[in-house]
Amino acid sequence: MVQGVRIREGATELLVPEQHSSGGPGKIFDTVFFNEQMALNRDVSVMFLRALGRHMKVADCMTATGSRAVRIANEVPDTEVVANDINPGTVPYIEENIRLNGLSNCRASRENLHVLLAKEVFDYVDLDPFGSPVPFLHSAIQGCKRGGILAVTATDTAPLAGAHRAKCERRYQARPLRGPMCHESALRILIGYVAREAAKFDKGIRPMLSFSADHYVRTYVELRNGAGAADECLSKMVYLSYDPDTLERSTSPTPDDRHVYGPVWGGPLFDRDILERMSPEGMADERRCEKLLELWREEIDSNPFMYDMSEVASNLKVSTPRYDTFLEAMAERGKVSRTHISPTGFKTELPTETVKEVFLAVSKRD
Ligand SMILES: C[S@@+](CC[C@H](N)C(=O)[O-])C[C@H]1O[C@@H](n2cnc3c(N)ncnc32)[C@H](O)[C@@H]1O
């Protein structure tokens, strides 16, 4: 009998190793990994798949204790789930978790994911590696059906967000950006990499839900077949310029002296319809899911690259006005929104000059 502790996540009972991580990227204490903080990540999978509302054959390729796979099988109707992990130590946990929830629509698998995805195809393929998903993407794309969904987590945020530039360039063939936009840029580098990898096989992607949270970035993309779909996607790749002296940021389809960061995904992060259909009811962290859904639904998705209040304040050498007061003043001039990427961040379609003008005016008033 496998040893561990019983927890409840969402509507699902789980047996997990007694010593496990509760935050950050996590580490393996036992031979099997579990991180409590990733409950939100699993909540989002459940909300997303429920909102799709169709029969799904699911491959949770790197399942560890089976937590995500078992939650999907238990909490999302009409699913048929493979809970796979290469580590043989995971199988007793997966099997016990299937038993605990009385599931007949989930099976344990102990394959290298490259083998699993060469043998079978799925409607939904999930990659949740330690660090970068790059070594696994090729197989994940091959194992995903036409019109299927690929869900990819990256926890190598240090390279992606510019702390290790050379590593990011080697892995993702993209130059990262440091500073206030680093997490948005990290997310867009990941999506861009998935788009370029898919294009090699004449496939395009359509991001449906992409976010940055805690120590990771994650995207859910729909795969579309055809050279046309691939070309359309590649046309959405951009290079970014950022001038910390003026705060000007802009994108260009080709690199030049100023547009040196990237390539990154320059298209939308979200599918509005799916966001509308997602519900936080019954999730492990209902409150956080509700707040995130609200932010994602509100977030301007046409113009990449957020600003941060502290960035603008230090550039203008003024104190930071109240966030809400500033957003209200901006809204009188044009489109502005909060962003899920930072609690002090915002997005706008207004020019940088207007951002600074409004910021100065509000800062003097406050
Ligand atoms: C970060 S953990 C996954 C955590 C899990 N998704 C969860 O929510 O608790 C990464 C897992 O990937 C597995 N793994 C690494 N390489 C693999 C491969 N080539 N095929 C299948 N599983 C692999 C590891 O054994 C490990 O359990």
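This is a predicted model: local features need pLDDT of at least 70, side-chain atom pairs count only at pLDDT 80 or more; totals for chains, interfaces and linings use all residues.
The interior comes first. In soluble globular proteins, nonpolar side chains tend to be buried together. Here the largest nonpolar core has 111 residues. Within this core, the residues with the most contacts are Phe48, Tyr172, Leu209, Met278 and Trp296. The element that gives the most to the core is helix α8, residues 182-199, with ten residues.

Tyr172 can be followed in more detail. Leaving aside residues up to four places away in sequence, Tyr172 touches Ser132, Pro133, Val134, Ala154, Asp156, Leu160, Ile189, Leu190, Tyr193 and Arg196. Helix α8 spans residues 182-199, and among the residues that Tyr172 touches are Ile189, Leu190, Tyr193 and Arg196.

The ligand is next. It is surrounded by 18 residues, and the closest are Arg42, Met62, Asp85, Leu113 and Asp128. On the side of Leu113, a backbone N or O atom lies 2.9 Å from a ligand nitrogen. Asn112 contributes through its side chain, where an N or O atom is 3.0 Å from a nitrogen atom of the ligand. On its own the ligand has 610 Å² of accessible area, and the protein covers 90% of that area.

A hairpin is formed by strands β10 and β11, with six residues between them. Strand β10 covers residues 237-242 and strand β11 covers residues 249-252. The two strands run antiparallel and are joined by four bridges. One of the pairings links Ser241 to Ser250 in β11. In the turn, Leu247 has a positive phi of about 70°.

The last stop is Glu75, which lies in helix α2, residues 67-75. Is Glu75 buried or exposed? Glu75 counts as buried because its relative accessibility is 6%, and the cut-off for buried is under 20%. What does the side chain of Glu75 make a polar contact with? The partner is the side chain of Thr12, at 2.6 Å. Thr12 is also one of the residues that Glu75 touches, along with Glu9, Gly10, Ala11, Val46, Arg50, Gly282 and Met283, when residues up to four places away in sequence are not counted.

How values were computed:
Residues are numbered from 1 along each chain as its sequence is written. Side-chain values use heavy atoms; hydrogens and water are left out. A nonpolar core is a set of buried Ala, Val, Leu, Ile, Met, Phe, Trp, Tyr and Cys residues joined through side-chain atoms within 4.5 Å. Buried means under 20% relative accessible area, exposed over 50%, partly exposed in between (1.4 Å probe, protein chains only). Contact means heavy atoms within 4.5 Å. A residue is near a molecule or strand if one of its heavy atoms lies within 4 Å of it. A polar contact is a pair of N or O atoms within 3.5 Å; within protein, one must be able to donate a hydrogen and the other to accept it, and residues adjacent in sequence count only if both atoms are side-chain atoms. Accessible areas come from the Shrake-Rupley method with a 1.4 Å probe; for residues, only the protein chains shown count as cover. Two strands pair if DSSP finds at least two bridges between them.
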